[in-house]
Amino acid sequence: MSSKRLNFCWGVKKLKPADIIHLAETELDAHRSYKYRINVCCSSGCIPFGALKVLKAFEEAVKEFGVQKECKVARTGCIGTCSVGPAVMVEPGDYLYQSVTPEKARQIVRDHVVLGLPVKEMLYGNKAYFEKQHRLVMKNAGKIDPYRIEDYIAAGGYSALVKCLLRMSPKEVIDEVWLSGLRGRGGAGFKTGQKWTFVARAHRSPKYIVANLDEGDPGVFANRTLAEADPHAIIEGMLIAAYATEANKGYIYIRAEYPLAVETLKKALDRARAMNLVGQNILETNFSFDIELRLGAGAFVAGEETAILASVEGNRANPRPRPPYPAASGLWKSPTLIDNVETLANIPQIISHGGLWFSKIGSPTCTGTKCFSLTGKVKNPGLIEIPMGITLREVIFDIGGGPPDNKKFKAVLVGGPSGGCLPETMLDLPIDYESLTKAGAIMGSGGIVVIDEDSCMVDTAKFFIDFCVDESCGKCTPCRVGLHKIQETYTRIMDGEGKPEDLDFLRSISSYIQDASLCGLGQTAPNPVLTTLRYFGKEYNEHIVDKKCVAGKCSFKHQVKEDEL
Amino acid sequence: MPSNSKPKLATLWLSGCSGCHMSLLDNDEALLDLAKNIQLVYGPLVDTKAFPENVDITLIEGAVANYEQAAFLKEVRKHSKILIALGDCAVTGNVPALRNTIKDSANAVLQRAFVENSDKQPLIPTDVPKLLRKVYPLHEVVKVDHYIPGCPPPAGNIAYVLTELLAGKIPIMENKSKYG
Amino acid sequence: MTTKTVSLKIDGHDISVQEGTSILEAAIENGIDIPHLCFLEGLTKTGACRLCLVELKGQAKLFASCSTPVSDGMEVITDSVKLKEYRKKTIQLLLSERTHVCSVCVANKNCELQALADKLGVDHVAYEREWTGEKVDSSHPFLVIDRNRCILCTRCVRVCDEVEGVHALDLKLRGKDSQIIVDFDDSWANSTSCTSCRKCAKVCPVGAIYVEGEPLSQTKDRNIANFVLSRRKK
């Protein structure tokens, strides 16, 4: 049966649990009928490099050489090597081709598919990039076609939901999540099992679930990539969460600046709804749960859990004080579960393989894996997924390959604009919530930006403060005015008007902002200031006393005030 | 106490309305007690030409609006052990600093005062001290040890701060910090 | 509805109040003063100004007392050295944010910000002050908004929405650029939704919204929201 007809058939029929298993088998058979499968990454990272043209070239080449029956060309999500796009993976054997062009596509089909000779000079040579990674959440990324629900089902998708519906009580589902030790991937690291318990215990209806996909940090694209590559994992995670907490309605809150992710999720939801996986009486059981997309206008603060609620309700995305926590009073004052999409995408596998299995991945206090956008001055930037507990050094040097052009490593910013800048001496720090917090950084939503000797740490800290000043919602005084005062102080220091007492001022106002701010934005915004002061105090002194910037970034152009007074 | 061993007090009048000095004088008979414990060495109330050295306490009224004042204030700081910002102009900039809200205020205020509002011979005089780009409160120019806000500061607050300082204590400004 | 009583300690004083009361309300009821600005009886609690922060024994975090409900056995500390320092900082930041010149302000001597600065001993503002030159909107027949004096407590927005039920006022932009706006950032005279009820001027803690020609001591009415809402219940 051609896959098109298969789509049609399954689309009209109301699926029952057993049909999922059946569909998976049929689909796998279809997959097996191909000798080769060419996965062309068409995520937001590779499309600008021309991935869509490459995809077309592959399809044409396959026709040209008459190998349509042996070779399947699939449009997939992120393969992970974002710096050498378009990336193309040929199965079996996981041959990863880098920087593929339409011409090269033809050559790959001719040599690899027709002649069976992989084109060695085009292969991605860096084995180490994948060696230390552990693909769990991203296991389907780059392997399945995100637009085809059948691909996801063939890869074992929705079997966890079936398992829940048929064989597990809501309480057993939560117990399994508890056992897994999974913690929120949005940054704070709250125990997911705990959160679910709170919502499950709230005996009020309706209950809501909000999946947080408002990834606002500059240079972070882990959640976007996940949604583009494997949207059904998020949807299935939400469904299981809804089953466990007895929720009635779900929202995926996604920023409108992610058009491809929005489109992918929209299509995925439509397909899932058509196949009786979302909506009323899912898989002909008593369980009903509908999911809606909500587009955000792209404010960084809208990722904060109470701000997201305001935004979903249609209000200005301002955070509000907690308590009451969303689990007690969230959307429209009803109990609401808010989870990051990466957290939710972990759920199907926890249910399929068991919490115990999951708890053995990563480190004892922080189980599982974490997706990071590895960017900045590294040879191999890209989207990586690592087991919790491996060190920053392994990530930056083994996976990332260290700074290019023989430059010296200077610092790494972990956790986005409100993360911390850690120096070389901290590189053996294991990546887990507690260690990072202790060092002054945060897990955040998963950004690792590597900084080399060309960057000035004062300038770097100011960059992130500028970002937070722009993104502060303006509700509470410490964040609105305090951050602005920090920004002014930096401007002065970089203009050569710094005073020695500025350092004490920065320290004291930073800890005030951390303690007194209303929400996470303000509470973490001073992190880059405090960590650069802590680890790179020497550079500040050079700026203030010697009016010198080793990296040559700061102008020290005196303002008028200096001339006057 | 012989007068030469008594702590030296100076007062200074920058860009302000002299209201703070009036408020100081409003201490009425309390001034007599104060006079017993200090010697007034400089200020609008005394006929001394140059700012003396080794002044113990200097009370300064008014904001810093021109280069001359800024330079003088820095001199005064060098010769004063304790420097007190007296009144809102000295503490916050207050009314003189309202010109900070307009663009290129140094020129704009001169234009307004001497050209736009002049009936005859509109002309910006050349002997006006050069205005600063902005009007500053004292502590943005020099280090200030104590502040007595108010427009004017209540006479009692001035007396309180001076008494405490003369007794070697640090004044506590809770409920004594009313601006305006 | 049965009302449960909750017992707690505020600064060592044993207190019992009704369940659901906030720490700040419990303190006010019992004559304990916690400085606050954005809180107003009857309006939604936003926890925005951060003046009413308190420490709770056994918790590292600080809590906004206006929005945190009391619970049994809670031990609240309202005046630690740290809290006093933070409150002073908050007041200084508010004073430095815009053009706050008390001597020429309509609210002089009727201003909650001014009174708090006095009470907390904020004898100067350590931060460089902004001298904003926002245009004053006096287009309305008698209501005036001077955004240079606004501290963004949003009492006016809330009273307009929650008590008057009009929502003529709201915020635009974000961060330090935030401003109170009338309708869709129109001049007040052109507002089609404003009912000219003056509640905004009555609750404004500073001199940002006032009634032209009327002494502020006469306009201001801290109790207006509570009064209207309690009458409505009957």
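**Exercise 1. Work out how much area is buried between chain B and chain C, and which residues of chain B lose the most.**

*Solution.* Start with the total: about 2,000 Å² is buried between chain B and chain C, and carbon and sulfur atoms give 59% of that area. Next, look at the side of chain B: B:Thr101, B:Lys178 and B:Tyr179 lose the most area to chain C, together 28% of what that side buries. Keep in mind that we are working with a predicted model. Finally, count the residues: 22 of chain B are in contact with 25 of chain C.

**Exercise 2. Find the salt bridge between chain B and chain C, then describe the polar side of the interface.**

*Solution.* The count is one salt bridge. Its partners are the side chains of B:Lys134 and C:Glu128, with 3.4 Å from N to O. This pair qualifies because the cut-off is 4 Å. Sorted by class, the chain B side that touches chain C holds nine nonpolar, eight polar and five charged residues.

**Exercise 3. Trace the hairpin of E1 and E2 in chain C.**

*Solution.* First take the strands: E1 (residues 5-10) and E2 (residues 13-18) of chain C run antiparallel and are joined by six bridges. Then pick a facing pair: C:Leu8 stands opposite C:Ile15 of E2.

**Exercise 4. State how far apart the centres of domain 1 and domain 4 of chain A lie.**

*Solution.* Read the bounds from the domain assignment: domain 1 covers 34-125 and domain 4 covers 457-564. Taken over C-alpha atoms, their centres are separated by 47 Å.

Notes. Residues numbered from 1 in each chain as written. Chains lettered and ligands numbered in written order. Predicted model: local features only at pLDDT ≥ 70, side-chain atom pairs only at ≥ 80, totals over all residues. Heavy atoms only, no water. Contact = heavy atoms within 4.5 Å. Buried area = accessible area lost by both parts, 1.4 Å probe. Polar contact = N/O pair within 3.5 Å; in protein donor to acceptor, adjacent residues only side chain to side chain. Nonpolar A, V, L, I, M, F, W, Y, C, P; charged D, E, K, R; others polar. Domains from an automatic or database assignment. Pairing = 2+ DSSP bridges. Helix = DSSP H or I, 4+ residues; strand = E, 2+ residues; numbered from the N terminus.
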